[in-house]
Amino acid sequence: MVSEDKKWFILNHFEPLPIPRRRTVQTSIDRFNASQGCRLELFAPTFVKAVTINGRQIKREHPLTFHYVFVYGTFDNVKRLCSLANGFSFVLNRGSKERYATVDDRRMEDFKAIARAYSNSLPFFALDDIDLEAGDKVEIIEGAFPGLIGYYIPKAKSNRGDIILSVTQNLGTIVYDIKAKYVRVLEFSKKSRRGYERIDAFIPCLLRALRHYREGTPLNDKEKTDIALFAHRMAVVKIDNNKLDAKLQAILMSANHLLGDSAAEAEARRRYIRHRTAVTSTWTKALIMLIQALTYNDLEAFTLGRNLIGAIPTATSSFQASLLAEYTHYQKAFAE
């Protein structure tokens with residue numbers, strides 16, 4: 001084994017006792033890097049699970065790969081990490097000439113995409129965080145009538161509960177005005193009338209999430225909710241404007257990539273390719289190029305987008321100013 005080559009090593013990680021308060025596996029790696037002058041990279045994927053505690057539904061993060069974690073670095077540095085009393089140890093590879101288990105870069109990228117799908121899939125949403133529309137099919141998770149499934153009706157003058165559901169049964173339809181804390185969205189209405197507004201309102205959220213993605217920072221629950229709701233709702237909304245649909249599909253490609261939904265990402269890419277020539281606005285083209293560059297680490301797309309707006313002296317709107325700021329923020333990263 002060549003010690004200078006960096007690889008993804010599969011390691012065991014069991015917290016040593018006593019466990020320092022609030023220490024995480026990432027904290028251990030950060031401390032090691034700081035003390036040893038190293039740059040080991042950690043990948044320890046988690047997923048969100050719904051659990052019941054004292055009769056209440058809550059979300060808890062659990063390790064996706066049990067006690068296994070992935071550390072990227074040279075053999076010498078990883079060996080030094082495992083020699084300390086920090087809970088790390090090598091996983092032996094008994095079926096290969098290599099003594100220690102590793103994963104090559106291509107398979108690791110594939111696994112990261114799968115892990116994103118688990119990590120960014122939420123079991124339910126807080127009612128305060130979700131923007132329901134008439135016709136959305138939801139299930140009550142916690143509150144009055146848990147397990148009740150029905151179609152959301154916008155509240156008018158009622159003040160008896162948080163949500164109104166129309167439930168169709170064999171003998172007819174019953175309308176419930178009930179208190180609810182958490183819901184699971186089973187199906188989005190295909191009659192959304194706010195497509196245009198939703199697309200523009202979502203762009204700042206996507207750009208913030210892409211910063212975290214580029215930095216290797218996990219999305220928080222609010223970001224997961226916003227991205228999942230947008231991606232799933234807008235996938236079924238019909239846009240009768242090829243220019244706008246091309247913009248939407250470029251956004252959906254990125255959103256579904258962040259969610260790890262490769263099938264939805266591929267469908268958005270197919271629809272984007274079909275309509276991309278309809279886009280004529282310089283700023284929209286630059287936005288699409290930036291999203292593509294950040295999502296797929298595409299230097300050519302970044303350069304093309306930057307050149308498109310490079311000749312424009314000043315921004316004339318807050319969107320244009322924010323887009324210029326994003327290009328400036330990433331200029332050094334794409335220049336390296």
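Student: Which helix supplies the largest share of the lining of the second largest pocket?

Tutor: Rolling a probe the size of a water molecule over the atoms shows where empty space is left. In this predicted model, α4 gives the largest share of the lining of the second largest pocket, namely six residues. Both α4 (195-215) and α5 (221-234) supply at least two residues of that lining.

Student: How many residues line the second largest pocket, and which lie nearest its centre?

Tutor: The lining comprises 14 residues, and Asp131, Arg198, Phe202, Asp226 and Phe230 lie nearest the centre. By kind, the lining has six nonpolar, no polar and eight charged residues. The space in this pocket is about 320 Å³.

Student: Which helix gives the most to the lining of the largest pocket?

Tutor: That is helix α3 (residues 105-119), with six residues. The largest pocket holds about 1600 Å³ of space. Its lining has 48 residues, and Leu42, Phe43, Ala44, Gly216 and Pro218 are the closest to its centre. The lining divides into 21 nonpolar, 16 polar and eleven charged residues.

Student: At what angle do the axes of helix α8 and helix α9 cross?

Tutor: Two packed helices are described by the angle between their axes and the distance between the axes. The axes of α8 (residues 282-296) and α9 (residues 299-310) cross at roughly 155° and come within 8 Å. Therefore α8 is roughly antiparallel to α9. The crossing of α8 past α9 is left-handed. Among the residues making the contact are Trp283 and Met289 of α8 and Phe302 and Leu308 of α9. The contact residues comprise ten nonpolar, three polar and one charged.

Terms used
Residues are numbered from 1 along each chain as its sequence is written. This is a predicted model: local features need pLDDT of at least 70, side-chain atom pairs count only at pLDDT 80 or more; totals for chains, interfaces and linings use all residues. Side-chain values use heavy atoms; hydrogens and water are left out. Axes are lines fitted to C-alpha atoms, for helices over the stretch in contact, and angles run from 0 to 180 degrees between N-to-C directions. Helices (H or I, at least four residues) and strands (E, at least two) are DSSP runs, numbered from the N terminus. Angles under 35 degrees count as roughly parallel, over 145 as roughly antiparallel, 65 to 115 as roughly perpendicular and the rest as oblique. A crossing is left-handed if the near helix is turned anticlockwise from the far one by less than a right angle, and right-handed if clockwise. Contact means heavy atoms within 4.5 Å. Ala, Val, Leu, Ile, Met, Phe, Trp, Tyr, Cys and Pro count as nonpolar, Asp, Glu, Lys and Arg as charged, and the others, Gly among them, as polar. On a 1 Å grid over the protein atoms alone, a cavity is a set of points where a 1.4 Å probe fits but cannot get out, and a pocket is an open set with protein on both sides within 12 Å along at least five of seven lines; lining residues have an atom within 4 Å of a point. Grid points are joined across faces, edges and corners, and a volume is the space filled by probe spheres set on the points.
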